[in-house]
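Here are my notes on the model, as numbered points. Please read them with the structure open.

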Amino acid sequence: MQNVREETQLKNQIPPNVKTLSWVSFFNDVASEMIYPIVPIFLTTVLKTSIVSVGMIEGFAEATASLLKLFSGVYSDKIRRRKPFVIFGYGISTLAKPVIGIATGPFGVLLGRLLDRTGKGIRTAPRDALISESVRKEDKGKAFGYHRAFDTMGAVVGPLVALLLVIVFKENLRPIFFIATIPAIIGVLLLVFVLKEKSRDIIITEKKVTQKLSFRNLPTSFKLFLATSFIFAIGNSSDAFLILRAKDLGFSTTEAIFAYVLFNIVYAGFSYGAGKLSDGIGSKKILFVGFAVFALVYGTFGLTHTASLLWILFPVYGLYMAFTDGVGKAFVARLIPQEALGSAFGLYQGVIGIATLFAS
């Protein structure tokens, strides 16, 4: 009886590396989301940039991240290390905040966004592979859901801090970019001093990794999932456009940011539960519900002329993200062997990012 109890407790535990990476993502997202909802407003109101330019900046930034996710994932498989990519990636993203703060035109903002997305591209696939390697196959949904919950809670705290700073600085947005550097640095320090990576993580030759990467040899389920994800991503776009849509319908800067906060509250609140549920009933069912919610919400965003409806649409959009983001990663982790996880995550996230480029 005691052995059963101990086994149950072990199953319910979140491994230290998953906890550390979750806190790192929390602090980094506090930093990133302090500035993310104000970047399109900063561009259009302070720098007097067109909305087309906003789309180009976001698109190129995401495309950069997408390509780097693939290369960093493949290379982390080859050298059998994840941690250096994670540290370097978060470090570069930290530098992006003050770069945007001193920008005097759209090219300065583009440079900052490219730095931020370069960091994301370098770290994301190796980080997700490290999370997957830290848990059993039957707990992957829970682990990714836990990580997404912390990550997205940062996206709740960040905009709230930004709202407070907008009031304090009387809508002078530049100081916010510099203050956002502080939580980002905390996240990097956690990686350097707390995150542990076992040297034995991956033992495989470069030749075998290449064989695993062959598209022809990939599982059919993974190919179908890539195609489905691409189709839905091509119908999506940067969330910056949802914020601008809110402004277009009459929201103030404060209201637009708060609507974005509501989206992230729902996203964070349901991520862990969705991931854990996917461990029990399977990822496909949860993903199907998420994609259906996306189609409904995004269509309504485009058709509505009622500003008050956005207070419903933003939170429901959070359900779509909760049901697809962490669950999708868990689905990939169950299909692909451990030794090729970095490459698989890079391919998956790269496909989505390239589609997002065209969508934006």
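1. Is D139 buried or exposed? D139 is buried, at a relative accessible area of 13%. Buried here means under 20% relative accessible area, exposed means over 50%, and partly exposed is what falls in between (1.4 Å probe, protein chains only). The side chain of D139 meets that of R136 in a salt bridge, 2.8 Å from N to O. R136 is partly exposed, with 34% relative accessibility.

2. A word on the basis of these points. The model is predicted, so local features need pLDDT of at least 70 and side-chain atom pairs count only at pLDDT 80 or more, while totals for chains, interfaces and linings use all residues. Residues are numbered from 1 along each chain as its sequence is written, and side-chain values use heavy atoms, with hydrogens and water left out.

3. Salt bridges in general. Side chains of opposite charge can pair when their charged atoms come close. The rule applied is a side-chain nitrogen of Lys or Arg within 4 Å of a carboxyl oxygen of Asp or Glu. By that rule there are 14 salt bridges.

4. The pair D325 and R148. These two form a salt bridge in which the closest N and O atoms are 3.2 Å apart. D325 lies in helix α15 and R148 in helix α7 (residues 140–168), so the pair ties together parts that are 177 residues apart in sequence. Helices in this note are DSSP runs (H or I, at least four residues), numbered from the N terminus. D325 is buried, with a relative accessible area of 17%, and R148 is buried too, at 9% relative accessibility.

5. The pair D248 and R245. Here the closest N and O atoms of the salt bridge are 3.1 Å apart. Both residues lie in helix α12 (residues 239–248), three residues apart, which is about one turn of the helix. D248 counts as exposed at 57% relative accessibility, whereas R245 counts as buried at 18%.

6. A salt-bridge network. K97, R113, D116 and R117 are linked in a network of salt bridges. D116 is found in helix α6 (residues 106–133) and is buried, at 5% relative accessibility. The C-alpha atoms of D116 and G141 are separated by 27 Å, and the two residues are 25 apart along the chain.

7. The nonpolar surface patch. Which residues form it? They are L67, F71, F230, I231, I234, I354 and F358, with about 700 Å² of accessible area together. Patch residues have over 30% relative accessible area and no salt bridge; nonpolar side chains (Val, Leu, Ile, Met, Phe, Trp, Tyr) are joined within 5 Å, and like charges within 9 Å. Accessible areas come from the Shrake-Rupley method with a 1.4 Å probe, and for residues only the protein chains shown count as cover.

8. Where the patch comes from. Helices α4 (51–79), α11 (220–234) and α16 (341–359) each supply at least two of its residues. α11 gives the most, with three. F230 lies in α11 and is partly exposed, with a relative accessible area of 33%.

9. Helix packing, α15 with α16. Two packed helices are described by the angle between their axes and the distance between the axes. The axes of α15 (residues 310–335) and α16 come within 10 Å and cross at roughly 140 degrees. That makes α15 oblique to α16. Angles under 35 degrees count as roughly parallel, over 145 as roughly antiparallel, 65 to 115 as roughly perpendicular, and the rest as oblique. Axes are lines fitted to C-alpha atoms, for helices over the stretch in contact, and angles run from 0 to 180 degrees between N-to-C directions. The crossing of α15 and α16 is right-handed.

10. Helix packing, α11 with α15. The axes of α11 and α15 come within 10 Å and cross at roughly 155 degrees. α11 and α15 are therefore roughly antiparallel to each other. α11 passes α15 in a left-handed crossing. Left-handed means that the near helix is turned anticlockwise from the far one by less than a right angle, and right-handed that it is turned clockwise.

11. Two residues to look at. R80 has a positive phi of about 60 degrees although it is not a glycine. R80 is found in the loop between α4 and α5 (83–101) and is partly exposed, at 36% relative accessible area. G342 lies in helix α16 and is buried, with a relative accessible area of 0%.
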